[in-house]
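Here is a brief report on a pocket and a helix that helps to line it. Please have the model open as you read.

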Amino acid sequence: RLLKLREEVEAKERLVEQFRINSDLLSSEGSTMAEQQLVAAQAALADARDRLADRAARLKQVQELTTTGGSIDTSAAALESDVIRNLRIQEAEIQRREAQLRATYFDAHPEVQKVEAERNDLQAAIRMELARIRTNLSNEVEVARNRVASSETALAVAQSRVGGNRQGTVQLNELERDAAASRKAYEDYLSRFQQTADRDL
């Protein structure tokens, strides 16, 4: 009888653990894995939305400057570009040289013509870089939108798991109560058995 009771307790406790694993009800630091995944999914979605808002604001600024005829040089994206910064430094140096040459030579002088060509090439490079920045911003906005969409999907899955876990928790509690009752019955029987054995000695 004692052996049978012990086997019953072990079987029920194994069933509890198996149900906990199969139902994703393993807990860590006071919450289930599904709950932790839900928190992580919420944080990831908030981060993705923040990134989208930032990239969309930068793109909007560039588009508005382009539409109104303003220079996108003044946009946050351009001001943060090391390439633009370096090109502007080179442009300032060329303009300084050009001013010096024009003070000495006529416009038709080969050195003046040469520095003018350098300035034109550099300005073309700046325009190309600004166009690249605008294209990159459009791409970043699209990537950020996709990330928000995938984060929303992940959040919906995590919410569904947590919802399913609530129903599973009810079943788990029933299994745990049943296992606990079997363990108590086993321990009570074991205690009586030991008392009987002690009296017989």
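This is a predicted model: local features need pLDDT of at least 70, side-chain atom pairs count only at pLDDT 80 or more; totals for chains, interfaces and linings use all residues.

Two elements each give two or more residues to the lining: helix H2 (33–67) and helix H5 (110–200). H5 supplies the largest share, five residues. Among the lining residues are Arg55, Arg58, Arg132, Asn136 and Glu140. Ala77, Glu80 and Ser81 also line the pocket, as do Ile133 and Leu137. By type, the lining divides as follows.

| Residue type in the lining | Number |
|---|---|
| Nonpolar | three residues |
| Polar | two residues |

**Helix H2.** How far apart are the end C-alpha atoms of H2? They are 50 Å apart. At 1.5 Å a residue, its 35 residues should span 51 Å, so the two values agree.

The buried residues of H2 include Ala34, Leu38, Ala41, Leu45, Ala48 and Leu52. Further along come Arg55, Arg58, Leu59, Val62 and Leu65, also buried. An α-helix has 3.6 residues a turn, so residues three or four places apart point the same way.

**Arg55.** Is Arg55 buried or exposed? Arg55 counts as buried because its relative accessibility is 15%, and the cut-off for buried is under 20%. Arg55 is found in helix H2 and lines the largest pocket. Leaving aside neighbours within four places in sequence, Arg55 is in contact with Glu140 and Val141. Of these two partners, Glu140 is itself one of the residues that line the pocket.

Methods:
Residues are numbered from 1 along each chain as its sequence is written. Side-chain values use heavy atoms; hydrogens and water are left out. On a 1 Å grid over the protein atoms alone, a cavity is a set of points where a 1.4 Å probe fits but cannot get out, and a pocket is an open set with protein on both sides within 12 Å along at least five of seven lines; lining residues have an atom within 4 Å of a point. Helices (H or I, at least four residues) and strands (E, at least two) are DSSP runs, numbered from the N terminus. Ala, Val, Leu, Ile, Met, Phe, Trp, Tyr, Cys and Pro count as nonpolar, Asp, Glu, Lys and Arg as charged, and the others, Gly among them, as polar. The expected span of a helix is 1.5 Å times one less than its number of residues. Buried means under 20% relative accessible area, exposed over 50%, partly exposed in between (1.4 Å probe, protein chains only). Contact means heavy atoms within 4.5 Å.
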